Amino acid sequence: MKPSLASSRRLVIFSFLAVPVALLLYFLIYPTIQLFHYSFTNWDGYSPAMRYIGLDNYEKLLFDFPEAWQAIRNNGLYFVVHTLFIPVELLTAVLLNRTLRGSGFFRFTVLMPYIINGIAVAYMFSYIYNPINGPLNELLKAIGLESLITGWLSDLDVVNYSLIAVSLWRFAGVHIILMLAGLQSIPNDLYEAAELDGANFWQKLRYVTIPGIRTVMEIILFMNVSGALLQYDIPYVMTGGGPGTASSTFGLFSLQTAFTYNNYGLASAMAVSLLVLIVLFSSLQNWIVKDRSERA
Amino acid sequence: MSQLQAGQAHPIRPPAAPARSTAQAKRRLADGGYYLFFGVMCVLVFVPILLVLFGSFKDAEELAATSPFSMPSNWFNWDNYVTAFTEGNMLLGLRNTAILVFGSLIGNALLGTMTAYVLNRFDFKLRKAVLLLFMLAMIIPSYTTEIARFQLIHGLNLYNTLSGPLLIYIGTDIMQIYIYTQFLQKISTQLDESAMLDGASYARVFRSIIFPLLLPATATLGILKSVTIMNDIYVQTLYMPKRELATLPTALMAFVGERSSDLSALCAGIMLVLLPSALFYLVFQRLIFKGLMDGAVKG
């Protein structure tokens, strides 16, 4: 006998959703709840016992943990430099939108740093920054700027910028390609109409281009926020967060707090804070987007 | 380097109408600026890679004695590559990376399309709740929960197995469900309804209509997911520290740890890890561009 339509409907709904929903609950929702739970304890990660210590971890994080603040300041630096770089990225995207001989190859080149293996890229720059006979120092010598030579990955004041340069090298390309997508979505008639009205290059940029890519720019700003907050592998691979904790980021430092210093409770409090920061920034972003479109 | 050219068409510029020479000069200047700009960009992108390539063909002595900008004396000195390939466990790394990528692609494509099918084509009591769950999950950055998830993986005895990261890659990718659902919204229900009238079962409709119709989305999602997995060390170092489970990036990390003073071998190791990803880019560039650009404008 053929099963009735209603029962086979229920069967397909259940059987198709069971696995993905179970995976989601078990590997994302449950750990998130656990994270909050651990953050109120002094657990070390392996002892059978854990003691509830209320908000002590958060108190320590806020008032008595300069390394964590140093780390989050470093995240902030990634955000600031990436954001300052947006005009250059936008200029590149505008130029890339022209079709000249070779523009296909230039597009290919722009995105390449983002696609090729990021860990190999990090080590590649470790080689470039190498203090002994390293390419960067040799280049500076060759052009008479020896005075600029420094410990790119060992000088406390320089190391973060060295790492951020790698981050720019890796991620600028994807921003440029997203901006290019935004530019290509602007209908050509708008430019033609502006030209008929006698608009110059800058006016077209101001009144046609920038409004046309607002959505994409918002995506990129959000990528900058979450990318900077989740920055992890470049410092992990190139400096291990060092010297000391000078180039650590919040995510890297929270992992080290958990697995190197065995302070699971504190690390969980850090992860919760990171989570809250990201959710906060993304809802702020949503709010800004919504606000603008209502006014428009 | 013409074989590196992106697949887009390069229309030849239309012959310019006879213009006054100042306009022509102006345009030539603009074109010159264009090529200067992108020339600098190409230098910035390719020179670091070339320097590592040069270094990878020099032995330790030559590397120390010559300028890093000088070409290797012998382009056929493969010793460093042999060292990096064998001692760096690169073949094993390639194998494990391939397993993670293909396993996750299959799992994601199946579960993603199934979920989107049910959520988009059926109306049922818990639909709103499930949708809410997925929306909630989407705002949680998966990486922030790793500290707690580590305990789960341990508890399931999946520490130091390929299944742990596979389950995480498959189970926590909410973005693709969102994209599949959006894609499915644009596909008319007429096809599946008429198939149902012809007596096809739901499973049959899914297998012969929905899944094939979603294949273009699957292709772009799969390519972008592969890039993510190939670049990820967070999950891979945390859950698979065992040597036999090294992936390409973690194998490179171990190799660097062991031979940190042998720069020329390291250069070869870096090239060995860069190469597969560069090949991947060459082969799939169209899909990569399409995936990124569509997502930016429509998403």
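**Exercise 1. Determine how many salt bridges there are between chain B and chain A, and which side chains meet in a salt bridge.**

The count between chain B and chain A is one salt bridge, a term that stands for a side-chain nitrogen of Lys or Arg within 4 Å of a carboxyl oxygen of Asp or Glu. The side chains that meet in a salt bridge are those of Arg98(A) and Asp31(B), at 2.9 Å from N to O.

Before going on, note that this is a predicted model, in which local features need pLDDT of at least 70 and side-chain atom pairs count only at pLDDT 80 or more, while totals for chains, interfaces and linings use all residues. Residues are numbered from 1 along each chain, chains are lettered from A in the order in which they are written, and side-chain values use heavy atoms, without hydrogens and water.

**Exercise 2. Describe the interface of chain B and chain A by its contacts and its buried area.**

Begin with contact, meaning heavy atoms within 4.5 Å: 94 residues of chain B are in contact with 94 residues of chain A. Next, the two chains bury about 8,500 Å² between them, 80% of it on carbon and sulfur atoms, where buried area is the accessible area (1.4 Å probe) lost on putting two parts together, summed over both. Finally, Tyr34(B), Ile147(B) and Tyr281(B) supply 9% of the area that chain B buries against chain A, more than any other three residues.

**Exercise 3. Find what Phe125(A) touches.**

Leaving aside residues up to four places away in sequence, Phe125(A) touches Val166(A), Trp169(A) and Met238(A), and also Pro48(B) from the other chain.
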